[in-house]
Amino acid sequence: MSTDKTDKKELLNGTLDLLILKTLDTMGALHGYAIARRLEQMAASVMRLSQGSIYPALVRLEQNGWIATRWGISETNRKVKFYSLTKAGTKRLHVEVANWEQATALVARVLGAKA
Amino acid sequence: MTPRRVVQRLLALLRKGRLERELDDEVQAHLELAERDGLARGLTLAEARDEARRAFGGIQQMQERHRDDRSIRWIENLLRDVRYGLAALGRDPGLTLVAVSVLALGIGANTAMFSLVDGILFQPLPFPEPDRLVRVWEAPTPATSNSTTTATFEELQRQSRSFEALSAESQSTATVPVNGEPVRLNGRYVSADHFAVFGVQPLIGRAFRPDEDQPGADPVVILSHAIWQSQFGGDRGIIGRDLLLDNEPHRVIGVLPPGAFDRHRARPLDEPASFWRLNAFTAEERAASSHWLNPVGRLKPGVTLAQAQADVLAVRARIAPQIPAWKKDWSIRVEPFSLLLVGDRLRQSIYVALGAVLLVLLIACANITNLLLARGAARGKEMAVRAALGASRGRLVAQLLTESLVLGGLGGAAGIGLAAVLLELAVPLLPPLPFTAEVALNLRVLAFATATAVTVSVLVGLLPALRVSRGSAATALNSAARGSSGAHDGARRAIVAVEVAVSVVLLCGAFLLFKSLLQMQQVDIGTRIDRVITMSVDLPRDRYPSGNHLAQFYPTLIERLEAVPGVDSASVSGDLPLQGTGGENLRMPGSDDRLLVRFKRADDGYFSTLGIPVVAGRGFTAADRAGAPYVTVINEALAARLKERFDVANPIGQTVDLPALGFGRDRRAPMTVVGIIRNERVQGDLRVPAEEIAYVPIAQAPRLQIKLAVHTHGDAAAAVPAIREAVRQLDSRLALADIRTMEQIWEQSLSGLKEPVWLIGIFALASALLAAIGLYGVLSHSVTQQRREIGIRMALGARATDVLSFVARGTLTMVGVGLMAGLAAAAALTQVTSSLLFEVSARDPWAFVAGALGMGAIAVFAALIPARRATRVDPTTALRSEG
């Protein structure tokens with residue numbers, strides 16, 4: 001696997017994680033499809049996202065203890081996992097948002113100075 | 001990564017099945033929800049389903065990433081590969097069985113061999129600080145070693161500054177009553193410091209006290225663990241009891257721990273020493289010039305070998321005035337004790353055998369590589385499919401390597417079991433190993449076996465793995481089931497050529513050693529070998545207190561023995577052929593020039609019983625008794641030496657000066673040479689040429705320790721009970737010991753060459769067979785591959801012989817290259833074996849031709865089967881089946 005790909009994936013991971021955390025923060029408990037739809041609606045114009053890619057991100061977040069799962073019933077009457085933000089997840093979201101803002105501010109300043 | 005996540009990922013390994021199912025459920029639910037939305041937007045069911053799938057993206061790729069993210073992937077892969085490997089091996093049980101057995105044989109033989117190397121060469125002596133143990137020798141010349149005299153030893157003990165402890169060791173035997181029966185045991189005379197030298201404490205009881213080896217001290221004895229167990233039932237009450245050694249009470253003060261001292265034998269065929277008693281030197285022994293003591297010492301901490309050497313040389317210089325002038329050029333030498341135990345030849349044999357068995361393993365590996373290559377060709381499609389499904393090349397190589405590791409693991413485990421069995425069977429057959437060698441499957445040996453198994457796995461797996469995983473998907477999937485490519489066959493042919501070459505090297509080595517053994521068997525030992533039984537008897541001093549008693553007893557004993565039915569003749573002597581004998585100085589009267597000769601006591605029946613012809617003059621007669629004029633019989637070697645050295649043309653009637661070893665006397669006397677006999681070999685080592693020997697009548701030089709040789713009509717061993725009974729009737733206190741046929745003694749002297757011969761022989765045969773199997777495999781594979789081509793040739797009119805020559809051409813190249821390379825390597829490796837050979841050149845053409853022919857014949861035989869199959873190809877079926 002080339003380094004190039006790795007970089008992309010990692011960038012995507014970080015962003016995707018932040019977006020999922022933010023979605024759950026805003027919307028409360030959701031199942032995977034609902035999260036994917038929501039992200040699609042918000043980001044469709046900016047980036048192409050295959051819906052399936054949220055599942056690896058979800059397991060990562062869950063293993064870190066930032067989101068919790070419980071089993072529920074979907075609109076199609078199927079057993080499905082509902083994801084919700086934990087306390088640690090809320091804290092994490094604040095940290096991530098702060099980091100993000102710092103980073104974008106920095107990038108904006110650098111780009112602004114150049115222009 | 002947070003610690004929590006690490007734990008979660010490890011747990012995920014265990015919950016793999018459930019997590020996979022849950023993910024499947026989620027994906028399913030997701031797709032259903034997406035479909036529902038699609039239907040709601042007015043799509044048809046099929047459109048909605050497609051749309052849902054497209055939006056979701058690649059499910060398998062997602063699952064892979066999910067697995068990557070949730071778990072520790074390489075462990076998961078490894079577990080799966082092992083499972084998969086086992087399953088793959090299970091699918092092809094024939095190949096697996098062959099591969100595992102070949103590996104087990106290779107690894108097992110190597111492990112067994114390594115435990116010998118480890119026990120004999122690598123492990124330190126089983127004593128504390130073994131580097132401080134030394135042996136002190138007198139050195140008549142820089143290359144020879146001799147025992148020392150009582151006087152010199154006592155001076156060393158008194159004057160040297162380098163030793164923490166110093167002990168003089170010499171052989172001892174004693175007849176001991178065990179359960180009412182006299183039993184002769186081997187033992188040692190030692191100094192009080194003896195066990196301090198080795199740093200060994202008795203298991204029970206105590207060691208010798210410093211004053212116990214002084215004259216007048218009460219006699220004490222320490223027993224070996226083995227004899228304590230076998231003869232005294234492991235009774236702890238033995239301590240403090242008196243044991244009759246030659247009818248003289250010795251207090252048992254200690255029993256040694258089990259181990260090295262249970263294996264301490266003086267000569268290969270002897271029973272190990274089982275008791276240690278003390279040397280309390282008599283005034284006579286102090287005055288005597290006999291070299292009979294072997295000093296062993298423990299250096300003081302920090303004293304180097306060089307310092308100790310300088311120290312003993314200084315002592316030698318100080319006592320020089322007391323040493324007879326003819327020994328003034330002798331030196332004295334300190335050697336590491338370990339040097340005494342493992343001689344150069346033993347070391348060489350072990351390394352050669354280890355090298356050979358490693359080569360066998362190499363060939364075994366090559367064969368399995370070939371098998372795996374052949375199988376790999378068949379698995380090309382499977383790999384191509386996996387690669388197409390996204391498995392990386394590294395992943396495929398890892399999977400294939402894991403499969404060969406599973407193979408190696410199974411082979412290694414079976415090999416360790418095999419090694420245990422081999423050691424159990426082989427160690428008793430080996431020539432006596434150094435008494436300190438503990439040959440066992442210890443941790444080091446197991447580590448070696450494991451390392452070997454892993455190395456072998458990688459060796460056999462890497463090439464096939466790289467090859468198989470390289471195949472491009474398109475060619476593998478598209479090509480008809482043709483299996484291997486030309487390049488595959490090239491590698492397999494090269495491997496076979498290497499196998500042939502290595503086998504040729506081993507075969508040449510085996511033939512060289514075999515020819516040496518034949519040469520050694522041809523050595524004329526100068527005595528009768530068949531139908532002769534020999535034994536030792538120690539006569540108790542209290543019953544035979546003087547030389548006269550002994551001189552009268554010998555003929556009586558012979559008379560009794562010759563009256564035993566089945567006995568042709570019997571003799572009494574001081575030593576037996578091939579069993580070593582002492583040396584004495586021979587002088588010509590009026591000259592101070594000395595000749596060191598072997599010195600042997602014999603009675604009037606010795607030469608005839610052992611079939612040694614008298615070539616001039618006479619042998620001994622009953623008239624050569626105590627009190628009669630001193631006479632001697634010499635061998636041809638000594639006659640020749642007398643002529644060369646002293647210009648004695650006809651020694652018969654000549655007077656020579658030899659020790660008149662009476663009973664407790666030590667003086668020299670002129671003796672008349674009355675006869676010359678043909679040479680007999682007195683040394684067990686047949687590489688030593690015939691030595692000069694002077695014989696004296698045992699009646700004129702009587703001794704308590706005697707050897708009997710009995711020539712029988714029929715089977716020698718069958719006469720033993722009757723002989724034993726005859727001796728018992730004469731004196732019930734006499735114990736017969738060391739009962740062996742001359743044949744056994746002779747066989748023993750071939751030892752040290754015989755074992756390497758059969759070891760290397762077996763290894764060579766094994767490697768030749770493995771090479772043949774490899775050759776067979778490649779040929780039969782290529783005949784299968786070329787059936788179509790052969791079919792076309794036959795359809796176009798080729799005859800069976802043409803087909804044969806078509807198939808044979810490749811084989812001849814392969815075998816020919818291997819043979820040439822093997823012969824060249826064998827010629828280059830002569831240095832390795834030359835010191836083991838006996839009267840055979842290391843480049844003996846006969847052995848090389850035999851090696852090449854042998855391998856050639858085996859190769860032709862292996863090639864014949866597939867070649868014949870090729871000639872039976874039916875053109876129509878061959879063309880149709882693959883058309």
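The model scores ipTM 0.83 and pTM 0.75. Chain B averages a pLDDT of 87, and chain A is built from four helices and three strands. Take your time with each group below, and keep the structure in view as you read.

- In chain B, 97% of the residues score a pLDDT of at least 70.
- Where pLDDT is low, predicted coordinates should not be read in detail.

**Chain A at a glance**

- Starting at the N terminus, the elements of chain A follow the order α-β-α-α-β-β-α.
- Chain A has 115 residues, and 38% of them count as buried.
- Among contacts in chain A with a separation of 6 or more, 45% join residues 24 or more positions apart.

- Q63(A) belongs to helix 3 of chain A, which covers residues 54–63.
- With a relative accessibility of 5%, Q63(A) counts as buried.
- Beyond its neighbours within four places in sequence, Q63(A) is in contact with R4(B), R5(B), Q8(B), R9(B), A12(B), D69(B) and R70(B).

**Helices 24 and 26 of chain B**

- Two packed helices are described by the angle between their axes and by the distance between the axes.
- Helix 24 of chain B spans residues 754–785 and helix 26 of chain B spans residues 800–828; their axes come within 11 Å and cross at roughly 150 degrees.
- An angle over 145 degrees counts as roughly antiparallel, so helix 24 of chain B and helix 26 of chain B are roughly antiparallel to each other.
- The crossing of helix 24 and helix 26 of chain B is right-handed.
- Helix 24 of chain B brings L775(B), V778(B), L779(B) and V783(B) to the contact, while helix 26 of chain B brings V807(B), T811(B), M814(B) and V815(B).
- By kind, the residues of this contact between helix 24 and helix 26 of chain B are seven nonpolar, one polar and no charged.

**Helices 14 and 15 of chain B**

- Here the axes of helix 14 (residues 380–388) and helix 15 (residues 393–426) of chain B come within 10 Å, crossing at roughly 140 degrees.
- At that angle, helix 14 of chain B and helix 15 of chain B are oblique to each other.
- Helix 14 and helix 15 of chain B cross in a right-handed way.
- The contact is formed by E382(B), M383(B), R386(B) and A387(B) from helix 14 of chain B, together with L396(B), Q399(B) and L400(B) from helix 15 of chain B.
- The residues of this contact between helix 14 and helix 15 of chain B comprise four nonpolar, one polar and two charged.

**Two buried residues of chain B**

- T152(B) sits in helix 7 of chain B, residues 150–159.
- T152(B) has a relative accessibility of 7% and counts as buried.
- Apart from neighbours within four places in sequence, T152(B) is in contact with E138(B), I319(B) and I332(B).
- I698(B) is in the loop that runs between strand 19 (693–697) and strand 20 (705–712) of chain B.
- The relative accessible area of I698(B) is 2%, and I698(B) is buried.
- Setting aside neighbours within four places in sequence, I698(B) is in contact with Y554(B), V572(B), S573(B), G574(B), R601(B), A602(B), D603(B) and I706(B).
- From I698(B) to N179(B), the separation is 519 residues in sequence and 33 Å in space, C-alpha to C-alpha.

- Most residues other than glycine have a negative phi.
- D246(B) is not a glycine, yet has a positive phi of about 50 degrees.
- Look for D246(B) in the loop between strand 6 (242–245) and strand 7 (248–255) of chain B.
- D246(B) counts as partly exposed, at 25% relative accessibility.
- E839(B), although not a glycine, has a positive phi of about 50 degrees.
- You will find E839(B) in the loop between helix 27 (830–834) and helix 28 (845–871) of chain B.
- E839(B) is exposed, with 60% relative accessible area.

How values were computed
Residues numbered from 1 in each chain as written. Chains lettered and ligands numbered in written order. Predicted model: local features only at pLDDT ≥ 70, side-chain atom pairs only at ≥ 80, totals over all residues. Heavy atoms only, no water. Axes fitted to C-alpha atoms, helices over the stretch in contact; angles between N-to-C directions. Parallel < 35°, antiparallel > 145°, perpendicular 65-115°, else oblique. Left-handed = near helix turned anticlockwise from the far one by under 90°. Contact = heavy atoms within 4.5 Å. Nonpolar A, V, L, I, M, F, W, Y, C, P; charged D, E, K, R; others polar. pLDDT = per-residue confidence, 0-100. Buried < 20%, exposed > 50% of the residue type's maximum accessible area, 1.4 Å probe, protein only.
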